[in-house]
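Have a look at the model first, then read on.

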Amino acid sequence: MTTEGGRYRIIEESNLDFAAIDCWIGQKAAQLAQRLDAIREGDGTVIERSVMVYMSEMRTHDHDAYDLPIVLLGGDGVFLNDAHVAYDPLGSDRQLRDLWSTITNQHYGLGVASFGDDLHGEPSALLEEILR
């Protein structure tokens with residue numbers, strides 16, 4: 001992995017086919033969220049009572065697990081709405097397992113102490129910056 005000015009540097013140009021596929025998948029995720037929002041459940045909707053995670057394992061053309069674009073849909077009352085969280089500079093990224101741990105414990109209230117192992121022995125951390 002190479003860096004440029006404390007940020008991840010894209011080594012090759014992005015693949016246009018990847019962008020087209022990602023756009024199509026994004027449209028399908030939006031359609032699913034709209035359908036779930038149309039289904040009433042109690043005093044809310046199914047999407048409000050659920051957490052839908054839309055993400056890619058790729059940030060551009062590679063499979064580096066850094067700087068991944070992730071969108072949370074639903075989770076009403078728990079997660080920030082219309083928020084953008086970016087982690088920089090290089091090395092201050094949050095682990096993906098911290099997202100899963102935060103969703104599991106904050107939205108679903110399951111009280112899971114740890115979610116996956118860390119190569120450095122760090123415990124799972126709460127992503128407070130995405131919470132209301």
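## What covers the helix

Among the elements that cover the buried residues of α3 are α2 (46–49), β5 (51–55) and β6 (70–74). Helices (H or I, at least four residues) and strands (E, at least two) are DSSP runs, numbered from the N terminus. The buried residues of α3 are Arg97, Asp98, Leu99, Ser101, Thr102, Ile103, Thr104 and His107. Here, buried means under 20% relative accessible area, exposed over 50%, and partly exposed in between (1.4 Å probe, protein chains only).

This is a predicted model: local features need pLDDT of at least 70, side-chain atom pairs count only at pLDDT 80 or more, and totals for chains, interfaces and linings use all residues. Residues are numbered from 1 along each chain as its sequence is written, and side-chain values use heavy atoms, leaving out hydrogens and water.

## How long is it?

## Just past the end

## Inside the fold

Which residues form the largest nonpolar core? Its eight members are Val51, Val78, Phe79, Leu99, Ile103, Leu127, Ile130 and Leu131. A nonpolar core is a set of buried Ala, Val, Leu, Ile, Met, Phe, Trp, Tyr and Cys residues joined through side-chain atoms within 4.5 Å. Another core, of five residues, lies apart from it and includes Ala29, Ile47, Met52 and Tyr54.

Methods. Contact = heavy atoms within 4.5 Å.
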